[in-house]
Amino acid sequence: MRSISPLTFLRRLGSNVPLRTIFIFPFVLQILGAVGLVGYLSFRNGQKAVNDLASQFRGELASRIERELQSYLSLPPIINQMNATTLAQGELNVANPKNLSQFVQQGKLFPFSYGIYCATEKGDHLSVGQKSFTDPNFSAWILDRSVSKYFFSYDLDTQGHRIASTKRLEEEYGVYDPRTRPWYKAAIQQKRPVWSEVYVDFDLNTRLLIITAAQPVYAPDHQKLIGVCGTDVLLLQEFRRFLTHLKIGKTGAAFVIDRSGQIISSSSDEPLSVGSDDAPQLVHATQSSNQLIRGTANFLQQRFGDFNQIHTSQQLDFKLDGHRQFIQVLPYRDGRGLDWLIVVAVPESDFMAQIDANNRSTIYLCCLALIVAVLIGILTARWVTKPILELNTAAKELASGEWTRPVKVQRADEVGELARSFNNMAVQLHESFEILETKNEALRLAEENYRGIFENALEGIFQSSPEGRFLRVNRALAILFGYTSPEELLEMVQEIAQQLYVDANKRDEFKRLLAEDGEIRDFEFEAYRRDRSRIWVSIWARTVKDVQGNVLYYEGNCIDITQRKQEEEFLKRQLQELQFEIDHSQRAQQVAAISETDYFRRLLAEADDLRYLDNS
């Protein structure tokens with residue numbers, strides 16, 4: 001099957017499409033192209049803007065969270081340093097303090113502390129903090145191991161003096177030994193200011209998750225351990241409140257994890273610890289009930305293999321349930337043992353909401369524009385095609401012979417000009433048709449006369465091709481060559497030179513003379529008839545050419561000159577015989593005349609003498 005080029009296919013397709021559709025299609029195509037291109041560019045630019053905005057937004061959020069963490073965690077080491085100096089210089093009696101104004105002022109300066117305290121290597125403990133989350137007044141909790149193994153609490157005034165009687169906290173706290181607490185152990189082990197691991201407070205009633213900044217206190221010689229000063233930070237409560245109120249898009253999430261993947265704090269409302277009250281454990285990010293936090297943690301773990309492998313700030317994205325999520329990961333280190341990861345995850349849909357709304361508006365506008373374009377196209381097509389249809393109807397009527405119905409189009413544009421031209425053409429065609437009918441009648445009569453002459457002529461008339469075949473012959477020519485009809489002659493004679501000419505070279509001479517002169521007269525040759533008998537014919541012929549001078553065919557007439565040839569041959573023989581008799585009589589007369597001459601007689605006499613001599 002032959003392949004068709006696209007251009008040819010479009011041409012064929014366009015030739016079969018109605019004109020009204022062709023008029024409507026450009027409007028629709030232009031609207032689709034323009035709106036589609038604008039929508040696509042708008043979408044792409046929107047996506048680029050979203051990517052830039054998301055990158056800037058998550059980076060700023062992570063930096064803000066980092067600054068917030070620093071604001072929580074930068075002051076406790078300073079407070080510890082001040083208290084450690086006081087304890088090392090012997091100005092603070094942990095078991096029986098006289099004035100706690102320094103601790104109260106520190107608590108006011110750092111309201112996020114759950115407790116500011118110092119403990120000695122003997123097991124004595126002094127802690128100052130707000131009485132409760134709702135009561136801003138301060139209390140002191142003192143443990144003197146030489147007196148009791150239980151805490152005693154005291155209410156303090158704004159200057160740090162005791163204003164209420166002591167209260168034994170046996171039931172609330174039970175037996176307490178600060179030397180067994182995580183913050184104490186961590187400071188002694190590392191012998192420098194450190195942060196403890198996140199742990200559950202010893203107060204079983206609150207079960208608060210706390211992180212403590214701790215600093216070991218040594219004697220001036222830096223050899224003898226005096227104790228440890230620490231500051232509890234309600235990081236998980238206060239900082240989580242900050243994360244919860246932080247606007248992270250519409251459905252985004254922010255969380256802080258340690259290098260093992262445990263959630264330190266998050267913006268979700270899920271519990272951060274699981275297990276019994278005696279042995280609670282932090283929730284691992286990959287086990288979070290929040291889908292976004294869980295999916296982000298799983299992605300980071302799969303991407304890096306281990307959370308310990310994330311050393312620099314990272315901006316990533318991944319697919320969660322087919323939806324793109326933007327991630328910012330920022331390592332947080334303070335040089336005192338904290339090594340956490342700040343993670344911000346924001347769904348792309350939070351940024352794309354307005355763009356999606358714009359896209360929907362674009363689609364609605366596109367549909368509206370398409371409807372308007374189709375309506376305009378239909379009206380325009382009707383306005384343009386109506387006179388064309390009238391012209392088409394008039395043309396059909398004109399083709400059927402209806403000349404009297406003009407096209408009525410009252411317009412001054414190209415279509416109106418076409419209608420007027422069509423009416424003028426119809427008038428001219430009518431006049432030309434009448435003239436043509438007259439001429440056709442004359443031609444018909446001439447053709448009938450020619451046909452009568454051609455078919456009834458006594459002479460053979462022919463048309464033949466230069467290749468040697470008859471194109472048309474009359475009955476006289478067929479009978480001349482012994483055929484019953486012109487059709488029989490045309491069917492049986494396929495090679496004129498071989499089948500009619502006795503001498504085939506005469507055909508070449510015939511064509512040569514026509515090529516030289518364009519016309520020949522009295523060209524005679526001996527021809528075969530159908531029964532292979534021979535006749536002599538004489539031809540008059542001429543060459544018929546086209547406008548470029550190419551030979552179309554030969555035409556002419558042909559007569560039988562066999563009888564004339566026979567008569568000529570008979571007369572020729574008679575002339576030859578008469579000439580012979582004339583020549584014989586003339587010779588006799590010449591002999592008689594010669595024999596009468598003296599010279600002849602003398603010759604005879606000499607001959608007789610010679611015979612006589614021979615005989616003798």
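## A pocket and its neighbouring topic, salt bridges

Five elements each supply at least two residues of the lining of the second largest pocket: helix H6 (182-190), strand S7 (199-200), strand S8 (209-218), strand S13 (281-282) and strand S16 (339-347). The model is predicted.

**The pocket**

Among these elements, helix H6 gives the largest share of the lining, three residues. The second largest pocket holds about 360 Å³ of space. Its lining counts 23 residues. Nearest the centre of the pocket lie Ser 196, Glu 197, Val 198, Asp 258 and Trp 340.

What classes of residue make up the lining of the second largest pocket? There are 13 nonpolar residues, six polar ones and four charged ones.

**Salt bridges**

The model has 14 salt bridges. Three of them are set out here, each with the distance between its nitrogen and oxygen atoms.

| Salt bridge | N to O distance |
|---|---|
| Arg 324 and Asp 317 | 3.7 Å |
| Asp 339 and Arg 333 | 3.3 Å |
| Arg 534 and Glu 526 | 3.9 Å |

Are the partners buried, partly exposed or exposed? Take the pair of Arg 324 and Asp 317. Arg 324 has a relative accessibility of 22%, so Arg 324 counts as partly exposed. Buried would require under 20%. Asp 317 has a relative accessible area of 38% and is therefore partly exposed too.

Next comes the bridge between Asp 339 and Arg 333. Asp 339 sits at 26% relative accessible area, so this residue is partly exposed. Arg 333 reaches 44% relative accessibility, so Arg 333 is also counted as partly exposed.

The last pair joins Arg 534 to Glu 526 through their closest N and O atoms, 3.9 Å apart. Arg 534 has a relative accessible area of 49%. Exposed means over 50%, so Arg 534 stays partly exposed. Glu 526, at 22% relative accessibility, is partly exposed as well.

Some bridges share partners. Glu 524, Arg 564, Lys 565 and Glu 568 are joined in this way into one network.

**In brief**

Arg 324 and Asp 317 form a salt bridge, as do Asp 339 and Arg 333, and Arg 534 and Glu 526.

Key: Residues are numbered from 1 along each chain as its sequence is written. This is a predicted model: local features need pLDDT of at least 70, side-chain atom pairs count only at pLDDT 80 or more; totals for chains, interfaces and linings use all residues. Side-chain values use heavy atoms; hydrogens and water are left out. On a 1 Å grid over the protein atoms alone, a cavity is a set of points where a 1.4 Å probe fits but cannot get out, and a pocket is an open set with protein on both sides within 12 Å along at least five of seven lines; lining residues have an atom within 4 Å of a point. Grid points are joined across faces, edges and corners, and a volume is the space filled by probe spheres set on the points. Helices (H or I, at least four residues) and strands (E, at least two) are DSSP runs, numbered from the N terminus. Ala, Val, Leu, Ile, Met, Phe, Trp, Tyr, Cys and Pro count as nonpolar, Asp, Glu, Lys and Arg as charged, and the others, Gly among them, as polar. A salt bridge is a side-chain nitrogen of Lys or Arg within 4 Å of a carboxyl oxygen of Asp or Glu. Buried means under 20% relative accessible area, exposed over 50%, partly exposed in between (1.4 Å probe, protein chains only).
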